[in-house]
Amino acid sequence: MSHVWRPLWVVIILVAGILTFRHFYVPKSFGVQEQGYMYGFHRLSNEKEWINFPISYKFSKDDSYCQQCHPGHVKSLLASPHAIIPCEDCHGPALNHPDNPAKLQIDKRRALCLRCHANLPYPGAGRNVVPGIDPVTHNPGQECVECHNPHNVMEGLQ
Amino acid sequence: MERRDFIKSAIVVVAGAAVPMSALELMNPRDVLAANPNLKWAFLVDTTKCVGCGMCVKACKTENDIPWTANVSRTWVERYVVTKEGKVWADCPKQARDGFTSPLLDENAAGKISVDPNDIAKGFFVPKLCNQCDNPPCAQVCPVGATYKTPDGPILVDRSWCIGCGYCIQSCPYGARFFHPIYHVADKCTWCYHRIHHGMKTACVGACPFGARQIGNLKDPNDPVTLAVLDSRIGVLKSYFGTKPQAFYIGLSKEVD
């Protein structure tokens with residue numbers, strides 16, 4: 001009967017090997033969780049890993065965080081229609097600023113302003129409420145901030 | 001025993017026996033509490049407020065470490081232009097990470113399309129992101145248990161467990177999933193799970209100057225999103241798939257799906 005047992009031993013060792021590997025490789029918290037087999041079959045500890053993903057943006061309410069060190073800029077911003085724009089939209093993520101990064105990368109490009117101020121002819125769209133220009137004819141090649149103060153836009157041209 | 005008493009007792013016994021044991025188990029307060037955690041995230045998009053600046057896409061890509069130059073994003077903004085003859089144009093150049101700054105529509109292989117402003121009946125923008133469905137097809141099809149629904153709503157991907165088969169990317173009716181070019185696993189919007197669990201708004205909600213995006217807790221009866229879902233005229237995307245999306249939209253148009 002050795003011709004039966006020889007391949008059978010191979011199969012038995014293979015299965016035992018796979019089960020042993022599986023026992024050590026699959027984490028203890030892996031299994032069917034609260035949401036059931038269909039939607040909740042996962043490694044439970046992964047939820048904590050996602051919660052601990054690093055944060056970049058602060059997006060503090062009414063820019064109170066930025067106001068602590070830059071009261072002048074925030075005050076002029078809040079007095080203008082640009083008050084609705086969070087500081088970090090143009091100044092970049094600032095969660096650990098001023099520790100890291102010590103200096104923020106300010107996006108002063110014309111393309112940034114055009115996101116809202118390039119005129120698009122759509123009746124009824126919110127875009128029409130925003131004052132718009134035609135980027136092709138309105139001082140092409142020049143940066144907007146050369147003439148307009150992005151904080152207090154009502155100040156007039158510089 | 002009188003005939004009347006016998007009938008009374010018989011009714012009580014039969015009625016008592018008719019109550020199944022499972023019904024009594026439902027009354028266990030611990031089970032009731034476990035089935036009703038006090039968190040259930042919901043997203044509200046007011047398309048009427050969106051101006052197509054794409055600040056949400058920029059913030060999302062930066063916050064969530066999605067390669068800037070790759071043509072993938074966890075959230076995106078679509079532009080719809082409907083002509084007076086009823087022709088519908090739609091585009092989403094680079095997932096709108098740079099916003100919409102040109103009236104030309106980017107129709108990919110067909111090139112840039114110019115539509116005469118006098119022919120335009122309506123034009124609008126629709127921000128999109130993962131709907132964190134209550135019946136998520138993506139979590140259902142995952143063969144290895146790498147993607148799953150959390151008890152408070154969002155669907156997450158276990159990056160150490162995903163084998164990158166792409167089945168979930170195919171199964172999402174909303175096209176909300178993509179293959180992460182660096183980690184080589186499926187990736188998707190998490191409604192900034194790391195931010196909302198630390199008392200912050202999602203990056204896209206925080207970046208939107210116009211209040212077109214909101215996130216809230218449906219279990220809180222005073223949450224602005226809960227109130228809007230309860231008393232505003234809201235819609236969801238592709239309701240006919242039965243996925244029960246948890247991102248609600250104000251101002252959807254029939255051209256959007």
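**Two chains, seen through chain B**

In chain B, the centres of domain 1 and domain 2, taken over C-alpha atoms, are separated by 43 Å. The model is a predicted one, in which local features need pLDDT of at least 70, side-chain atom pairs count only at pLDDT 80 or more, and totals for chains, interfaces and linings use all residues. Residues are numbered from 1 along each chain as its sequence is written, while chains are lettered from A and ligands numbered from 1 in the order in which they are written.

The domain assignment of chain B places residues 3-35 in domain 1 and residues 37-74 + 128-257 in domain 2; such bounds come from an automatic or database domain assignment. Helix α1 of chain B covers residues 3-18. Helices here are DSSP runs of H or I with at least four residues, and strands are runs of E with at least two, both numbered from the N terminus. The expected span of a helix is 1.5 Å times one less than its number of residues. A residue is buried if 20 or more other C-beta atoms, placed from the backbone, lie within 10 Å of its own, exposed if 12 or fewer do, and partly exposed in between.

Chain B also holds an open sheet of 4 strands in the order β11-β1-β13-β12, with mixed pairing. Strands β11 (213-217) and β12 (234-235) stand at the edges, each with a single partner strand, so one side of each has no neighbour in the sheet. Two strands pair if DSSP finds at least two bridges between them. Strand β1 (residues 41-46) runs antiparallel to β11(B), joined by 5 bridges, and W41(B) has N217(B) as its bridge partner. With strand β13 (residues 247-250), β1(B) runs parallel over 4 bridges, and D46(B) is partnered by I250(B). The antiparallel pair β12(B) and β13(B) is joined by 2 bridges, with G235(B) opposite Y249(B).

Another pairing in chain B joins strand β2 (residues 76-83) to strand β3 (residues 88-91), antiparallel over 4 bridges. Here Y80(B) has A90(B) as its bridge partner. The hairpin has 4 residues between the strands, and G86(B) takes a positive phi near 95°.

V157(B) counts as buried because it has 24 C-beta neighbours inside 10 Å. Beyond its neighbours within four places in sequence, V157(B) is in contact with residues including A146(B), C162(B) and V185(B); contact means that the C-beta atoms of two residues, placed from the backbone, lie within 7 Å.

Chain A meets chain B through a contact that takes 39 residues from chain A and 46 residues from chain B. On the side of chain A that touches chain B, α2 (36-40), β2 (41-43), α3 (45-51) and α7 of chain A each supply at least two residues. The residues of that side divide into 25 nonpolar, 8 polar and 6 charged. Ala, Val, Leu, Ile, Met, Phe, Trp, Tyr, Cys and Pro count as nonpolar, Asp, Glu, Lys and Arg as charged, and the others, Gly among them, as polar.

Chain A averages a pLDDT of 91, with 99% of its residues scoring at least 70; pLDDT is the predictor's confidence in each residue, from 0 to 100.
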